[in-house]
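Let's take a walk through this structure together. Have a look at the chain below, and then we'll pick a place to start.

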Amino acid sequence: MITLEQSTHLPCEYKYPVHSYSFVISMYSRLFRLPSTTRRTFHTLSALNMPANHRKVTIIGSGPAGHTAAIYLARANLEPTMFEGMMANGFAPGGQLTTTTDVENFPGFPEGVLGGELMDKLRAQSERFGTEIITETISKVDLSSRPFKLWREGNEEESEPTDTSDALVFSTGASAKRMFLPGEDKYWQNGISACAVCDGAVPIFRKKPLAVIGGGDSAAEEAIYLTKYASHVYVLVRRDQLRASKVMADRLLKHPKVTVLFNTQATSTHGDGSLLNALTIKSTISGEETKLDVNGLFYAIGHEPATALVKGQIELDNEGYILTQPGSSLTSIEGFFAAGDVQDKRYRQAITSAGSGCMAALDAERWLSEHEATE
Ligand code: FAD
Ligand code: NAP
């Protein structure tokens, strides 16, 4: 027998205009003996002139932010739907943590937890309270009016959206920029990382020489952080000056365990087949290449928030992050709430993402109830 969940995924659901949708639903309802409540829901939607996949609240993105929002929204009986993506922005459903091994700083796991396992647990918790999770990527949105219009990947050319939603929680995350140096694929997460706070304490880096690439505040912060574990930290800066703020730059340059190598680029990575142990570095002035023995390489050359979908429709900062009102998930568009790394260039941690997902859910819940009350 067809279940309620299956019935919301009828194969023709969004291909038909509203007038024929009623007809299609009647046919399906009779054919598959849908429960009367399901039929009533469908007919109410069609009477309201809503597309088949209209929802009160939809979450785009499936990292710690999206799943925390889902848990809160589902427990508030708002029946959220999450689009978890299909390698969206280069990540499997579950987001950035699916690309790492041990997560040792997420509260509640004194022994640490594998990134993938943590995300599986969060997904199960979202589902437990009734979140509908769809393994598809949203590839186009129209935020110009409400309900917001969404198109699933492969349907961008259609004039009608595949889905609509009164409120949106946007938690599409971000990705650290990498240089993809020769050898990097082999040693990624085996000596090469893009997050010192996440990986710096790992035994392979302890009491070992490490390198950080970048000259901004992140590079300065990460290099200083790494001095707690490393025997020495080399900072490779491609120009003759740092981009970091004066206070951070001073702190970095004065640190006894840090050497800043200006006008220096890394050109390749080397190792013993399982772990990184050296870099080839090149002077941008003379072109001379030398070997630098390091057991760790940390990229700090910036992050790319996944905001291409909403660029030009919502206020972003000059680096492309969604602007939220301080202390909230509210954005420049009413009913559109942003959470996680997509709106946070400062902390970028799983726990802060989860926290902001909670904020987005509470903000959305309040907004929906106020909105319903005034309608
Ligand atoms: P993300 O985790 O980035 O997830 C976003 C998800 O949304 C992705 O699955 C993506 O595919 C999906 N998505 C994007 N666009 C769409 C779309 N259009 N439609 C549908 N889905 C979409 N933090 C820690 O606290 N501790 C650690 O130990 C730690 N280790 C890390 C190790 C690595 C290698 C990396 C890269 C990061 C690490 N972090 C760690 C940082 C942490 O992973 C991030 O801060 C956190 O995952 C951000 O969560 P998020 O929910 O904002 O988004
Ligand atoms: P950023 O300011 O954009 O700096 C990126 C650095 O990486 C620059 O030095 C850049 O060099 C270098 N770089 C970029 N691509 C490179 C490449 N391919 N090869 C070598 N070097 C490369 O990024 P960020 O440091 O992540 O900072 C982002 C924002 O967050 C900034 O506004 C920063 O102030 C803020 N932030 C603040 C704090 C803090 O206040 N504690 C901490 C972290 C971040 P060039 O200079 O030559 O372009």
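**Starting from a phenylalanine**

Leaving aside its neighbours within four places in sequence, phenylalanine 298 is in contact (heavy atoms within 4.5 Å) with Ser193, Cys195, Ala196, Asp199, Gly200, Phe205, Leu210, Ala211, Val212, Ile213 and Leu226. Before going on, a word on ground rules: this is a predicted model, where local features need pLDDT of at least 70, side-chain atom pairs count only at pLDDT 80 or more, and totals for chains, interfaces and linings use all residues. Residues are numbered from 1 along each chain as its sequence is written, chains are lettered from A and ligands numbered from 1 in the order in which they are written, and side-chain values use heavy atoms, with hydrogens and water left out.

Phe298 also belongs to the largest nonpolar core, which has 22 residues; Phe298 is among those with the most contacts inside it, together with Val212, Leu226, Val233, Val235, Leu252 and Val260. A nonpolar core here is a set of buried Ala, Val, Leu, Ile, Met, Phe, Trp, Tyr and Cys residues joined through side-chain atoms within 4.5 Å. Buried means under 20% relative accessible area, exposed over 50%, and partly exposed in between, with a 1.4 Å probe and protein chains only. Two or more residues of this core come from each of β11 (209–213), α8 (217–226), β12 (232–236), α9 (246–254) and β13 (258–261). Helix α8 gives the largest share, five residues.

Those labels follow DSSP: helices are runs of H or I with at least four residues, strands are runs of E with at least two, and both are numbered from the N terminus. By that count the chain has ten helices and 19 strands. Of its 375 residues, 49% are buried. Among contacts with a separation of 6 or more, 59% are between residues 24 or more positions apart.

Now move to strand β1, residues 54–60, where six of the seven residues are buried. Which strands run parallel to β1? One is β8 (residues 163–170), joined to β1 by six bridges, with histidine 54 opposite threonine 164. Another is β2 (residues 81–83), joined to β1 by three bridges; two strands pair if DSSP finds at least two bridges between them. Here isoleucine 60 stands opposite phenylalanine 83. To get from β1 to β2, the chain passes through helix α4 (residues 64–75), and this β-α-β crossover is right-handed: with the strands pointing away from the viewer, the path from the first strand over the helix to the second runs clockwise.

Stop at phenylalanine 83 for a moment. It is buried, with a relative accessible area of 1%. Setting aside neighbours within four places in sequence, its contacts include Ile60, Ile134, Leu150 and Asp163. Phenylalanine 83 and threonine 137 are 54 residues apart in sequence, yet 6.3 Å apart in space, C-alpha to C-alpha.

Is threonine 68 buried or exposed? It is buried, at a relative accessible area of 11%. Beyond neighbours within four places, threonine 68 is in contact with Ala354, Gly357 and Cys358.

Finally, a look at confidence. The mean pLDDT (the predictor's confidence in each residue, from 0 to 100) is 88 for the chain, and 85% of residues reach 70 or more. Over residues 1–48 the pLDDT is below 50.
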